[in-house]
Amino acid sequence: MKTTRFIISLFTVSILYVSAAKLPSPVAQAPNSGEAPAPVEEGFEASDESVRPGASAASDFDIALQDSPVSNKWPAEDLKLGQVAGVDIDSRGNVHVFHRGSRVWDQNSFNEDTNRFRLASEGAIKESTHLVLDKKTGTVLQKYGANRFYMPHGLTVDSFDNVWLTDVALHQIFKIAPGKDEPSLTICEAFVPGSDSNHFCKPTSVAVAKGGEFFVADGYCNSRIVKFSADGKYMLEFGKSSNGVYPPPAGTFSVPHSVTLVEDWNLLCVADRENERIQCFSAGLRHDPRALPAGTFIKKADGLGRVYAIDNLNHYLVGVTNAGLTNSKRQLFVVDLESGESRVSEPGLENPHDLAAAEDGTIYVAEIGPNRIVRVHL
Ligand code: ZN
């Protein structure tokens with residue numbers, strides 16, 4: 001496989017930290033939330049320290065993507081997966097996948113006008129939708145999530161090994177404690193799409209801070225990020241639709257499809273899929289009193305292709321793009337958050353939808369058609 005050196009000045013320029021004076025106006029109006037935003041002009045200098053990487057932030061992680069063709073040796077057994085929507089790694093390095101079993105998301109799944117799921121009467125997916133795979137062999141260690149989910153999408157394992165799942169048919173997200181099947185927390189009303197504090201519309205992805213606050217990318221039919229307290233209380237939201245404006249203003253989204261926290265920099269980064277970019281915002285986490293209000297735009301990387309998923313690995317964003325109407329390719333990429341340097345490779349992915357990056361540089365990619373989980377290495 002060819003590995004391409006991928007340092008484009010546009011990336012380098014666009015991902016640099018912006019000064020307060022350069023903050024685009026749409027962001028100056030954000031966040032659209034219950035938390036009153038502090039005046040950017042006043043807050044930026046002090047807060048800037050909290051998001052600017054220091055010298056010690058440099059990682060010894062090698063940005064280089066090696067020639068890394070998709071490995072066919074893992075998992076060792078045929079898992080007979082349906083559409084594999086989500087993947088993440090727990091504290092032991094084992095791999096959690098969220099798949100759709102016998103259910104398929106196609107043009108008949110939802111009412112196009114109302115975004116309501118059409119197949120609720122068929123019941124929940126009977127198969128176990130949440131599998132835990134051994135990191136060495138890929139064999140199934142645990143199975144969960146039978147007769148509960150209707151259209152699995154995102155899966156996130158937090159730092160305490162709770163598993164967070166999004167279901168785009170239910171328009172809900174769920175927190176599952178380690179080793180459990182029953183959710184300990186369910187957010188929003190089942191099957192009812194909406195855009196208020198108790199209704200999502202096809203939520204895609206969750207990112208969870210160590211303190212328990214969490215962010216939901218919402219989603220396919222809303223264009224917002226919603227922040228919740230650790231006990232599941234709505235806190236605030238930010239973002240609005242790009243509405244086809246080109247170039248899309250900062251702070252607007254067209255299918256926010258994946259979110260990841262760079263917690264020590266107080267950043268929440270969003271894969272803004274159809275705008276083919278990543279945008280990073282202040283996460284406004286409570287443990288950092290100098291932080292800018294949540295939702296304040298910090299920086300972005302443009303022109304990446306249709307970014308389906310991103311994950312933070314020691315201040316590098318590892319991500320995956322998929323093809324679409326544009327010339328976007330199926331690529332794995334790494335962006336150095338500090339320098340803006342990027343690298344891409346084409347390891348033979350076919351239809352990537354999500355990914356998870358382990359500390360040792362092992363990358364797991366969930367694919368839909370073929371329905372599989374593949375492992376590649378940085
Ligand atoms: Zn998706």
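Strand β21 and strand β22 (residues 332–336) run antiparallel and are joined by 5 bridges. Strands here are DSSP runs (E, at least two residues), numbered from the N terminus, and two strands pair if DSSP finds at least two bridges between them. Across this pairing, G319 stands opposite F333 in β22.

The model is predicted: local features need pLDDT of at least 70, side-chain atom pairs count only at pLDDT 80 or more, and totals for chains, interfaces and linings use all residues. Residues are numbered from 1 along each chain as its sequence is written.

β21 is also joined to strand β20 (residues 306–313), in the antiparallel sense, by 7 bridges. V318 in β21 is the bridge partner of D311. The hairpin of β20 and β21 has 2 residues between the strands, and N314 there takes a positive phi near 50 degrees.

Of the 7 residues of β21 (residues 316–322), 7 are buried, so the strand is largely enclosed by the rest of the structure. Buried means that 20 or more other C-beta atoms, placed from the backbone, lie within 10 Å of the residue's own. One side of β21 carries Y316, V318, V320 and N322, the other L317, G319 and T321.

Elsewhere, 4 strands form an open antiparallel sheet in the order β10-β11-β12-β13. β10 (203–208) and β13 (234–238) are at the edges with a single partner strand each, so one side of each has no neighbour in the sheet. β12 (residues 224–228) pairs with β13, and I225 stands opposite F238 in β13.

| Antiparallel pair | Bridges |
|---|---|
| β20 and β21 | 7 bridges |
| β21 and β22 | 5 bridges |
| β12 and β13 | 4 bridges |

Definitions and conventions
Buried ≥ 20, exposed ≤ 12 C-beta atoms within 10 Å, placed from the backbone.
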